[in-house]
Amino acid sequence: MNGINALLVKIGRSVGGVVGTLFQAGRETVDTVIRNVIPFMAFISFIIGLVLTTGIGDWIANGIKGFADSLVGLLIVSVVCAIPVLSPLLGPGAVIAQIVGTLLGVEIGKGNIPPQLALPALFAINPQVGCDFIPVGLALGEAEPETVEIGVPAVLFSRLVTGPLSVVIAYFASFGLYSSN
Amino acid sequence: MKKLIGLEEAVVGDPTGLWGSFADGAEYFIGIFQEGGAVLLSLMGGILPTLVVLLTAVNALVRLIGPEKIENLGKKAAQPGLQWYPVRYMVLPFLAVFFLTNPMAYTMGRFLPEKYKPAFYDSAVSYVHPITGIFPHANPGELFVYLGIAAGITTLGYGLGDLALRYLLVGLVVIFIRGILTEIITTRMMARKGASA
């Protein structure tokens with residue numbers, strides 16, 4: 001009898017544990033979605049609405065078109081985003097990258113930018129990723145202050161090379177992407 | 001209904017003159033937000049439900065496995081030697097971003113010696129967007145770097161799997177190169193500073 005009881009308790013505990021974990025995961029998800037995802041969707045929707053309805057869209061399209069529809073243009077974008085003084089300013093919350101990404105998406109949808117450039121574009125708009133966050137990120141990794149002092153310029157200068165390089169790699173990796181039509 | 005109130009033949013003309021242009025302006029103004037609202041609805045109805053379910057599943061998986069499991073890998077990645085480069089700047093950042101997500105992924109740097117920390121940070125932070133194409137749970141606050149561009153591909157009627165997978169893989173190659181280069185720059189700068197001090 002004791003054996004059966006122990007078994008039942010064990011089953012109950014493990015099932016409860018799994019269900020609890022799933023529920024907790026759901027709660028965490030809804031939390032994130034409400035606090036981080038939906039506010040950004042609202043903001044992005046406003047920008048898309050503005051771009052599609054007003055003349056701003058055409059104006060931006062003309063501006064972006066010269067840059068985003070060729071490898072050279074994308075390289076220029078990536079170099080600008082990777083300039084060590086600019087990159088920490090462009091970084092916070094990836095807001096700039098997300099807005100530019102959304103604008104490029106609209107232009108790709110309209111056919112102004114060839115779809116196979118989507119992959120290199122993803123890298124071209126983002127060489128500044130995390131450049132605003134280096135001291136905090138290093139502190140999370142329990143780095144010494146001396147390491148932070150060296151780490152900040154090291155990462156920023158490295159981006160100047162790896163930013164454009166990532167665009168080139170992505171460009172060659174995008175062969176055969178959406179080009180069968 | 002129309003017959004009832006005798007308005008069968010009534011035609012309302014567009015407002016003209018000054019008042020008409022005000023009315024046009026108002027319509028234009030509200031049109032911006034109606035368009036935005038339509039976009040918001042398509043986002044909420046399109047990707048949001050999938051995202052919620054996916055996030056829940058992966059969050060549960062991470063909890064069941066236990067993020068502390070990858071700490072052992074962090075300790076191993078701290079070793080010098082060529083064969084540990086891919087572990088330190090590809091496998092570890094991937095697993096750290098997948099299991100710990102942005103920004104807790106960077107805490108994995110604490111297992112590495114000081115000279116590798118900036119390179120690991122560079123490598124890990126550069127992966128928080130490429131991973132979102134397939135695993136959006138890793139960085140749900142910054143999805144639109146990928147989703148923004150992906151929306152254009154969807155508009156054209158193509159599938160996103162190919163783009164998401166290539167983004168993920170090219171991202172791995174890029175963070176590997178980034179890690180190595182930043183490590184070289186860091187060690188050079190540290191040596192120079194050590195010599196001058």
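The model is a predicted one, in which local features need pLDDT of at least 70 and side-chain atom pairs count only at pLDDT 80 or more, while totals for chains, interfaces and linings use all residues. Residues are numbered from 1 along each chain as its sequence is written, chains are lettered from A in the order in which they are written, and side-chain values use heavy atoms, with hydrogens and water left out.

**Entry 1: helices across the chains**

I took helices from DSSP runs (H or I, at least four residues), numbered from the N terminus, and axes as lines fitted to C-alpha atoms over the stretch in contact, with angles from 0 to 180 degrees between N-to-C directions. Helix α5 of chain A (residues 95-110) packs with helix α6 of chain B (residues 144-155) at about 5 degrees, their axes being 7 Å apart, and α5(A) and α6(B) are therefore roughly parallel. Looking up the contact (heavy atoms within 4.5 Å), I found A97(A), G101(A), L104(A) and I108(A) among the residues from α5(A), and F144(B), V145(B), G148(B) and I149(B) among those from α6(B). The residues of this contact divide into 7 nonpolar, 8 polar and no charged, where Ala, Val, Leu, Ile, Met, Phe, Trp, Tyr, Cys and Pro count as nonpolar, Asp, Glu, Lys and Arg as charged, and the others, Gly among them, as polar.

**Entry 2: the interface as a whole**

I noted that 80 residues of chain A are in contact with 67 residues of chain B. The area buried between the two chains (accessible area, 1.4 Å probe, lost on putting them together and summed over both) is about 6200 Å², and carbon and sulfur atoms give 75% of it.

R159(A) and D122(B) form one at 2.5 Å, N to O. E149(A) and K193(B) form another at 3.2 Å, N to O, and this pair runs from helix α8 of chain A (residues 145-173) to helix α7 of chain B.

**Entry 3: helix α7 within chain B**

The axes of α5(B) (residues 117-125) and α7(B) (residues 161-196) come within 8 Å and cross at roughly 155 degrees, and the two helices are therefore roughly antiparallel. P118(B), A119(B), D122(B) and S123(B) of α5(B) meet residues of α7(B) including I175(B), R178(B) and E183(B), and by class this contact has 3 nonpolar, 4 polar and 3 charged residues.

I then turned to α4(B) (residues 85-100), whose axis comes within 9 Å of that of α7(B) and crosses it at roughly 130 degrees, which makes α4(B) oblique to α7(B). The contact takes in Y85(B), R88(B) and F94(B), among others, from α4(B), and L168(B), F176(B) and E183(B), among others, from α7(B); its residues divide into 12 nonpolar, 1 polar and 2 charged.

Notes: Angles under 35 degrees count as roughly parallel, over 145 as roughly antiparallel, 65 to 115 as roughly perpendicular and the rest as oblique. A salt bridge is a side-chain nitrogen of Lys or Arg within 4 Å of a carboxyl oxygen of Asp or Glu.
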